[in-house]
Amino acid sequence: MVLGLGTGSTAKHAVDRIGELLRQGRLTNIIGIPTSKKTQEQAISLGIPLSDLDSHPTIDLAIDGADEVDPHLNLVKGRGGSLLREKMVEGACKKFVCIVDESKLVKYLGGSGLAMPVEVVPFCWKFTANKLQNSFRNSGCVAKLRKDCKGEPFVTDNGNYIVDLYLKKDIGDLQVASDAILRIAGVVEHGMFLDMATTVIVAGELGITIKNK
């Protein structure tokens, strides 16, 4: 199988387990497609064979986490900064399994009050951020440039910046919102993963719940 290897705290456990099963000989004939440099380094350290989308344009299964999940299994991802590569890999999957805990379940995307990430080119990022904020002013949107621990702009694996959108209200039709964001020159990609997850596994106090599309 060709596996999409996600990025973040949840996906890290899955990648560790894949490496462990390979070492034990319980898993063979696996090729991983990493969604970030961090996951690539982790997979190499575990001896997981790697490739890319150029060589394997169709992926059998991807495993990743999410920052928010709505009742229709739409996701917000990218608070870890890897949304573009995640979307490229997970958009090429036959099956995309998303693993979250129940705190990530929301009534609507943006409903947690936490960041809805948008990857933008560094050139005139303030111009792009203002356009994004104005596009969703009816939802009380505030757009902020993501900073790293040194207070400098956070830079993605692709050399871009991230503008985080904070929403006070539902942004309405997600496909319309997605199209509006992607039409803004300077935007590379956004963190809404619409109609992509085929299965969401939710860990809660009462056990595991599996939601299928």
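This is a predicted model: local features need pLDDT of at least 70, side-chain atom pairs count only at pLDDT 80 or more; totals for chains, interfaces and linings use all residues.

Biologist: Where is the place of Asn29?

Modeller: Asn29 sits in the loop between α1 and β2. Its phi is near 60 degrees, a positive value in a residue other than glycine. For accessibility, buried means under 20% relative accessible area, exposed over 50%, and partly exposed in between (1.4 Å probe, protein chains only). Asn29 counts as exposed because its relative accessibility is 69%.

Biologist: Which value of phi does Cys124 have, and where is Cys124 placed?

Modeller: Cys124 has a positive phi of about 50 degrees although it is not a glycine. Its loop runs between β7 (116–120) and α4 (125–135). Cys124 counts as partly exposed, because its relative accessibility is 43%.

Biologist: How does one read the division of a protein into domains?

Modeller: Domain bounds come from an automatic or database domain assignment. In this protein they give domain 1 (2–106 + 194–207) and domain 2 (116–189). The C-alpha centres of domain 1 and domain 2 lie 24 Å apart. Contact means heavy atoms within 4.5 Å, and by this rule 15 residues of domain 1 are in contact with 14 residues of domain 2.

Biologist: What volume does the largest pocket have?

Modeller: First, the terms. On a 1 Å grid over the protein atoms alone, a pocket is an open set of points where a 1.4 Å probe fits, with protein on both sides within 12 Å along at least five of seven lines; lining residues have an atom within 4 Å of a point. Grid points are joined across faces, edges and corners, and a volume is the space filled by probe spheres set on the points. The largest pocket has a volume of about 510 Å³. Of its 27 lining residues, Thr7, Gly8, Ser9, Gly80 and Glu86 are the closest to its centre.

Biologist: Which parts of the protein supply this lining?

Modeller: α1 (9–24) and α2 (37–46) each supply at least two residues of the lining of the largest pocket, and α1 gives the largest share, four residues. Domain 1 and domain 2 each contribute at least three residues to this lining. The lining of the largest pocket then divides into four nonpolar, 14 polar and nine charged residues.

Biologist: How much space lies in the second largest pocket?

Modeller: The second largest pocket holds about 270 Å³. Its lining has 14 residues, and Ile33, Pro34, Asp52, Leu53 and Arg85 lie nearest its centre. β2 (31–34), α2 and α3 (83–90) each supply at least two residues of that lining, with the largest share, three residues, coming from α3. By class, the lining of the second largest pocket comprises six nonpolar, four polar and four charged residues.

Biologist: Is α3 mostly covered or mostly open?

Modeller: α3 is mostly covered, since six of its eight residues are buried. They are Leu83, Leu84, Glu86, Lys87, Val89 and Glu90.

Biologist: With which side chain does the side chain of Thr199 make a polar contact?

Modeller: A polar contact is a pair of N or O atoms within 3.5 Å; within protein, one must be able to donate a hydrogen and the other to accept it, and residues adjacent in sequence count only if both atoms are side-chain atoms. The partner of Thr199 is the side chain of Asn212, at 2.7 Å. Thr199 is found in strand β12 (residues 199–204), and it counts as buried because its relative accessibility is 14%.

Notes: Residues are numbered from 1 along each chain as its sequence is written. Side-chain values use heavy atoms; hydrogens and water are left out. Ala, Val, Leu, Ile, Met, Phe, Trp, Tyr, Cys and Pro count as nonpolar, Asp, Glu, Lys and Arg as charged, and the others, Gly among them, as polar.
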